Amino acid sequence: MTFVSLADACRRLGIDAKTLHRWLADAQLARLRHPHDGRKKGVSDDHLQMLARLHQRSLASSQQEEPAQLPCQIPALPADLLKLPEQLSALQAHLVTLQQQVADLTRLVRQHEPAPAIPAAPTKPTSTTKRPPKPTPPAPRSRPAASATVKTPHQQTHVIPHVEYDREGRYVVICPKKGLLPLEPDTEEWFAWVAEQDSFRFVGQGGYFTAHHEWRVKKGAWRAHRHIRNHSYTLRLAPAPQLTIAVLEQAAQALQAHLT
């Protein structure tokens with residue numbers, strides 16, 4: 001199999017890069033990685049010939065192509081270095097999740113902060129009706145009355161339960177009061193637990209969101225909410241008896257698409 005870079009493929013077909021990506025997507029052809037440099041992507045010579053036949057294009061000569069298939073001239077990169085892009089992508093997704101959680105906690109703290117007490121206005125001194133014949137030192141002003149500051153009891157921040165996909169490849173339910181709950185998804189205990197909740201946060205394989213229970217809606221439907229780049233996105237979910245892990249993962253992937 002001969003590797004052809006994307007730039008050489010565009011030159012030989014006489015098209016730009018966007019048109020090449022669209023042709024590959026229409027033909028359901030995947031881009032290939034360079035056999036010795038994972039950062040470079042391209043197509044095979046067979047796929048290039050197929051695109052030329054589908055779109056009735058004549059291929060230009062490949063004599064000016066760079067010798068990309070010489071293994072002796074391009075040293076192989078270490079496996080750890082090739083995994084860096086995937087690790088950076090995972091770290092960025094985890095950072096976005098942490099930023100969203102911090103924003104949610106900050107909003108909840110601000111909602112429960114007590115209002116500042118307004119101090120009472122100082123009393124004005126009483127004016128005399130008769131002016132004294134000689135200037136006398138002014139009477140001392142009365143001190144303003146001390147304002148009674150109403151102390152409100154400290155209100156705890158409301159933390160909602162979490163349904164997360166952990167590193168061991170299973171879904172766990174974490175309650176802020178009871179900790180890890182022994183619940184298996186899509187079981188009778190799972191649906192009974194969902195029916196008793198007002199909201200929870202879902203962190204799945206393809207994205208995350210906050211789920212809210214719409215009590216006023218018939219049959220108690222759920223909706224998914226996520227705030228992305230100063231925009232709020234809402235997606236209607238299934239009722240509580242039909243709220244499976246598959247439904248939650250599908251909603252997380254649909255909301256994650258707004259980010260990309």
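**Pockets and confidence**

Modeller: Let's begin with the second largest pocket, which has a volume of about 550 Å³. Keep in mind that this is a predicted model.

Colleague: Nice. Which residues are closest to the centre of the second largest pocket?

Modeller: Those are Ala93, His94, Thr97, Val203 and Gly204, out of 20 residues that line it.

Colleague: And which elements give two or more residues to that lining?

Modeller: H5 and strand E4 (162–165) do. H5 provides the largest share, 7 residues. By class, the lining of this second largest pocket splits into 7 nonpolar, 9 polar and 4 charged residues.

Colleague: OK, now the largest pocket. What volume does it have?

Modeller: About 690 Å³. It is lined by 26 residues, and Gln100, Asp104, Arg107, Arg201 and Thr210 are the closest to its centre.

Colleague: Which element gives the most to the lining of the largest pocket?

Modeller: H5 again, with 10 residues. Helix H5 spans 84–111, and E7, strand E8 (208–213) and strand E9 (221–228) also supply at least two residues each. The lining of the largest pocket counts 10 nonpolar, 11 polar and 5 charged residues.

Colleague: Switching topic: what pLDDT does the protein average?

Modeller: It averages 79, and 75% of the residues score at least 70. Among the elements, strand E7 (residues 199–203) has the highest mean, 93, while helix H4 (residues 79–82) has the lowest, 80.

Colleague: Where does pLDDT stay under 50?

Modeller: Over residues 146–151, where the model has 4 contacts beyond four places in sequence.

How values were computed: Residues are numbered from 1 along each chain as its sequence is written. This is a predicted model: local features need pLDDT of at least 70, side-chain atom pairs count only at pLDDT 80 or more; totals for chains, interfaces and linings use all residues. Side-chain values use heavy atoms; hydrogens and water are left out. pLDDT is the predictor's confidence in each residue, from 0 to 100. Helices (H or I, at least four residues) and strands (E, at least two) are DSSP runs, numbered from the N terminus. Contact means heavy atoms within 4.5 Å. On a 1 Å grid over the protein atoms alone, a cavity is a set of points where a 1.4 Å probe fits but cannot get out, and a pocket is an open set with protein on both sides within 12 Å along at least five of seven lines; lining residues have an atom within 4 Å of a point. Grid points are joined across faces, edges and corners, and a volume is the space filled by probe spheres set on the points. Ala, Val, Leu, Ile, Met, Phe, Trp, Tyr, Cys and Pro count as nonpolar, Asp, Glu, Lys and Arg as charged, and the others, Gly among them, as polar.
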